[in-house]
Amino acid sequence: MTFDPTLAALAEEAKGWRRTIHQHPELLFDLPKTSALVIEKLKAFGCDEVVTGLAKSGVVAVINGKLGKGKTIALRCDMDALPMSEQTNLPHASKVPNMMHACGHDGHTAMLLATAKHLAANRDFAGKVVLIFQPAEEGGGGGRVMIEEGVLERFGIEEVYGMHNEPGLAVGSFAIRSGPIMAGGDRFVVTINGKGGHAASPHLSHDPVVVMAHMITALQSIASRFTDPFDPVVVSITYVSGGNDKALNVIPAAVQIGGTIRTMQPKTRKAVETRFRDVVTMTAKVFSAEAEIDWRPGYPVTVNDAEKTKVAVAAARHVAGDARVDDNYPPTMGSEDFSYMLEKRPGAFIWLGNGDSADLHNPAYDFNDDAIIHGVNYWLAIVGQQLAAAEK
C-alpha cells in the first residue's frame, strides 16, 4: 500500500502528542492531564460528539461518515501508565516520580488521536466510527467499568477493535490469531491459620510454615497433572509472608501466600479455580490447619472473533503486505481488559510491531514512534473495509 503523504505529516504531529503524554504519565482512573489533552484535540478536530467522564476519565468521540448510513464500529485505545520509575534517560522521559508509560499506552492514544483527526477531516465512509479512549487498563478494569456505564449501548456499537504494540515484532508488521490471544488472569492471597508455639516443641503446634511448603508444591500439580498439556495454565506463587526474623525460635500462628493463575480457555479458568480451592483447603486440613482464600478475579481471556479476525488480517495486509502479517501468532499469558469488550461485541485485538525495544513493563521501555504511521493506517483500513459505502 502506498501511504497518503499527508499521513506522514500527521504521524509526525502525533509523535509530539505521544511524547507530551509520555512526559506526564498518570495512573488508573486518575488521568486529568491525559484526558484534557485528548478532549482538546478531539474538539479541535471537529468530531461530531465528544463525551467525557465515562469511567471517571474516559473519553468517547463519534465521527459520522459522509457517504450515508452504515453500521457503527468502535476503535479503542488505553491511556494509563504504570507505577514504575523510568530508566530510559530520553529527552522526553517521564517528569513524574515513580510513574512511566512502560506499556506504550501513550503511543496507543496518539495513534487513535491521529486517526480521529484524519477521519474527521475526510469522512469518506458510511456509518459511524466511535473512538474509545479508555482509562485504567493496568489493573483497574477500565474497560469493564465503561461497559457497565453503557458505552456499547449508548453509542450503538456493533463491532470493536483493539491494538497493542509488541516489542520484538518488526516495525511495520502485525500479528494476530483467531480465538484466544491473551490469557485470563486471576490473583489470590491465602492465609493459613495454624497454631503457633515454641520451635523446640513443634509437636505442640500446627505449624503453618510446613502447611505453606506443602501447599506451594501441591498447587504446581494443577498445571502439571490436572489440566491438558495443550491447554496452557500457569500457577505462580509470588508472595510469601510469615514469622519474624527477630524471633526465629517462634513458630508463627499464621502465614500467607499469594500469586496469580493464568489460563487460556474460559472453561479451564473455572475448573482451575475449583481445583485451586480444593488443593488449598484439603492441604491445610491434612495438617490440622485452616485456610482462608481471598480470590481476586482478574481480566477474562481475550478471545478474537473468527470473522472479525479475518477483517483485521485483511486490513493489516492492505497496510503491510502478506509477508509482514502473522495470522497465527502464538498466544501470550499476559492479560488485557479489552477482553471485556470482546465478550460483549464481535471484534479483534491485534499486535503492532514495536521493533527491537525493551519489553513491556520494563523501566527501559519506550514506544517506537516509527510505528505510529503503521498503526494509523491500520485503523483507517479497518474503517475503510467495514464502513465502505454500498455500491449502487
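**Entry 1: Thr109**

I looked up the cover of Thr109 and found a relative accessibility of 0%, so this residue counts as buried; buried means under 20% relative accessible area, exposed over 50%, and partly exposed in between, with a 1.4 Å probe and protein chains only. I worked on a predicted model, in which local features need pLDDT of at least 70, side-chain atom pairs count only at pLDDT 80 or more, and totals for chains, interfaces and linings use all residues. Residues are numbered from 1 along each chain as its sequence is written, and side-chain values use heavy atoms, with hydrogens and water left out.

I placed Thr109 in helix H3. Helices (H or I, at least four residues) and strands (E, at least two) are DSSP runs, numbered from the N terminus. I then listed the contacts of Thr109, where contact means heavy atoms within 4.5 Å. Not counting residues up to four places away in sequence, Thr109 touches Ile21, Val38, Cys77, Asp78, Met79 and Phe133. I also took the C-alpha distance from Thr109 to Phe45, which is 15 Å for a separation of 64 residues in sequence.

**Entry 2: Helix H2**

An α-helix has 3.6 residues a turn, so residues three or four places apart point the same way.

H2 covers residues 32–45, which is 14 residues, and its first and last C-alpha atoms are 20 Å apart, close to the 20 Å expected at 1.5 Å a residue. The expected span is 1.5 Å times one less than the number of residues in the helix. Just after H2, I found Gly46 with a positive phi of about 90°.

**Entry 3: The loop between E3 and H3**

I looked next at the loop between strand E3 (72–78) and helix H3 (105–122), which holds Asn89. Asn89 is not a glycine, yet its phi is positive, at about 60°. Asn89 has a relative accessible area of 76% and is therefore exposed. I found Asn98 in the loop between E3 and H3 as well. Asn98, also not a glycine, has a positive phi of about 60°.

I located Ile350 in strand E16 (residues 347–353). Its relative accessibility is 0%, so Ile350 counts as buried. Beyond residues up to four places away in sequence, Ile350 touches Gly162, Met163, His164, Phe174, Ala175, Ile176, Ala312, Ala316 and Tyr378. From Ile350 to Ala247 I noted 53 Å between C-alpha atoms and 103 residues in sequence.

I located Ser339 in helix H10 (residues 338–344). Ser339 has a relative accessible area of 1%, and therefore is buried. Its contacts, leaving aside neighbours within four places in sequence, are Tyr299, Pro300, Val301 and Thr302.

**Entry 4: Helix H11**

I examined H11 (residues 372–386), a helix of 15 residues that reaches 21 Å from first C-alpha to last, close to the 21 Å expected at 1.5 Å a residue. In H11, 13 of the 15 residues are buried, so this helix is largely enclosed by the rest of the structure.

I found Glu290 in strand E13 (residues 290–296). Glu290 counts as exposed because its relative accessibility is 59%. Not counting residues up to four places away in sequence, Glu290 touches Thr191, Ile192, Asn193 and Ala284. Glu290 and Ile132 lie 46 Å apart, C-alpha to C-alpha, and 158 residues apart in sequence.

I consulted UniProt, where an unreviewed entry places "domain: Peptidase M20 dimerisation" at residues 187–281. UniProt positions are in the numbering used here, feature names are shortened, and annotations may be inferred rather than shown by experiment. I found this span to be 36% helix and 33% strand, with its end C-alpha atoms 17 Å apart.

**Entry 5: The protein as a whole**

I counted eleven helices and 16 strands in the protein. Its C-alpha atoms fill a box of roughly 85 × 45 × 40 Å along the principal axes. Of the 392 residues, 52% are buried. Among contacts between residues at least 6 apart in sequence, 82% join residues at least 24 apart.
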